[in-house]
Amino acid sequence: MTWFQREARFISRPEIEEMVQRTLDEAKERLGIAELKRVLLLPPDITRAHSGSGWITERFYQLLDDAGAEVHVIPTLGQHVPHTPEDNRWMFGSIPEERIHAHDWKGGVTNVGTVPAEYVKEMTGGAVDWEMPVDLNTMTVTEQWDLIVHVGHVVPHEVLGFANHNKNYFIGLGGKRLIGSSHMASAVYGIENNLGNLVTPVRACFNYAEDHFLADLPDVYFQVVMDYDDDAKLAHTGVYVGDDLETYLAAARASGEQNFTTFDEPVKKIVAVMQEDEFRATWVANKAVYRTRMAMADGGELLVIAPGVERFGEQPEVDALIRKYGYISKDEVLELYKTEADMQDIPHGTAHLVHGSSEGRFTITYAPGKLSKEEIESVGYQYMDLQDALRRYDPAVMKDGWNTMDDGEEVFYISTPSAGLWSTKEKLAQRANHELHG
């Protein structure tokens, strides 16, 4: 059930820190725990650092450590590159490095069950008919914990409709088979049928898995929602704490109200900036593509300014897959997937090729920090020199929303694409209709 929630135009850090203490107090009462001796904290990884999840996790750690608990932290990386010690210090502050553990999505997982193929087929409306083996982080599911706390930011998401909640388990702490089967299912079902829907087919499968295989875990979700303040900075507007699906749904509804930007007409030019200290591969920087694609006009251009991008994939084999095939259409990918062994071996990478494609509708231009023009163009994108992009669309000068350049060019500027969803009203209506009747 939902333990408690707080919604306000903006919620201060001290208020959130008080809710961290309340969460621990209520956990003991609600779960019947006399003393919290051993606790696991599950925050997002560095690509969601802007949510404040790092200092929220640090506050949980401090309170528990002061009370004498043994506390461990596993950033829910999924298959992202593990944090460096410097990353951990930057995100989690004073939490000791030896208490922060890297998730190993290949060798560090244990199977706890399987979502049956029949259920997956039913949830996807027959689009796919494979099972989802639920392989999860071994430390999480085999060791004894008095409490497991999920910390995260609920925001529109291309696979699950909205991020966080049990995504932390099944993607963030998932194994190769689960990450691959779920991502490929979402790609086949269609990214624009997932974005911003409360319960997508893959989310439904994860809810099944949580109910059937993780019901005995002593866990709680501490979820935040954010919106832009008067200074165009992201600030907290909601905190939702509880151990059930309704806790997620309340946060997702709030995110849907605050984090969607709609247009009457498609946008011809969008400029999006992916922060250098968070986004180092197109795998994660392509959130700029996912979150704006429903707003883009046919024949329009999305410019992604990504000074931290130095590679395509998060692992060498995914990087090689992207370089080999490029970002191509869903139909092309599904045809190749039938015969190509490398695609079949890493289906989460194959799904990413679809997610990062404009399906030929609009141009995607990248201004990366450390990839060459030849590399960018080889995967189907156009290239712009980073310094040229920064001079023309200076983040210190541009304002979120519509901007008119000196030569009269009209562009829509987005400083944090990962924090929202941009769409025409028509596309959003089609998406909502698909959820109701698809």
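Predicted model: local features only at pLDDT ≥ 70, side-chain atom pairs only at ≥ 80, totals over all residues.
The protein chain is divided into two domains, with domain 1 spanning residues 4–260 and domain 2 spanning residues 264–432. Their C-alpha centres are separated by 25 Å. To the contact between them, domain 1 contributes 38 residues and domain 2 contributes 39.

The largest pocket holds about 410 Å³ of space. Its position follows from its lining: domain 1 and domain 2 both give residues to that lining, so the pocket lies between them. The lining comprises 17 residues, and those nearest the pocket centre are Ala232, Lys233, Asp400, Ser415 and Thr416. By class, the lining of the largest pocket is made up of 7 nonpolar, 4 polar and 6 charged residues.

For the second largest pocket, the volume is about 240 Å³. Its lining consists of 13 residues, with Glu210, Asp211, Ala215, Asp219 and Asp243 nearest the centre. Helix H9, which covers residues 201–213, supplies the largest share of this lining, at 3 residues. The lining of the second largest pocket contains 6 nonpolar residues, 1 polar residue and 6 charged residues.

A search of the whole structure for cavities of 30 Å³ or more returned 1. The volume of this largest cavity is about 370 Å³. A total of 27 residues line the cavity, and Arg48, His80, His157, Lys167 and Ile171 are the ones nearest its centre. Two or more lining residues come from each of strand E6 (147–153), helix H6 (167–172), helix H7 (176–189), helix H11 (282–285), helix H12 (287–292) and helix H16 (347–355). Among these, H6 gives the most, with 4 residues.

Thr237 belongs to strand E10, which runs over residues 234–242. The relative accessible area of Thr237 is 2%, and a residue counts as buried under 20%; Thr237 is therefore buried. Beyond residues up to four places away in sequence, Thr237 touches a run of residues made up of Arg6, Glu7, Ala8, Arg9, Phe10 and Ile11, together with Val225, Met226, Asp227 and Gln258. With Gln258, the side chain of Thr237 also forms a side-chain polar contact of 2.5 Å. Between Thr237 and Val224, which are 13 residues apart along the chain, the C-alpha separation is 7.6 Å.

Lys269 lies in strand E12, residues 267–273. Although a charged residue by class, Lys269 is buried, since its relative accessible area is 10%. When residues up to four places away in sequence are excluded, Lys269 is in contact with Glu301, Leu303, Tyr393, Glu409, Glu410, Val411 and Phe412. One of these partners, Tyr393, is joined to Lys269 by a polar contact of 3.1 Å between the two side chains. The C-alpha atoms of Lys269 and Thr363 are 9.6 Å apart, while the two residues are 94 apart in sequence.

Glu158 is placed in a loop, the one between strand E7 (156–157) and strand E8 (161–162). With a relative accessible area of 7%, Glu158 is likewise buried. Its contacts, again leaving out residues up to four places away in sequence, are with Ile191, Asn194, Leu195, Lys287, Tyr290 and Arg291. The side chains of Glu158 and Arg291 make a polar contact of 3.4 Å.

Terms used:
Residues numbered from 1 in each chain as written. Heavy atoms only, no water. 1 Å grid on protein atoms, 1.4 Å probe; cavity = no way out; pocket = protein on both sides within 12 Å on 5 of 7 lines; lining within 4 Å. Points joined across faces, edges and corners; volume = space filled by probe spheres on them. Domains from an automatic or database assignment. Buried < 20%, exposed > 50% of the residue type's maximum accessible area, 1.4 Å probe, protein only. Contact = heavy atoms within 4.5 Å. Polar contact = N/O pair within 3.5 Å; in protein donor to acceptor, adjacent residues only side chain to side chain.
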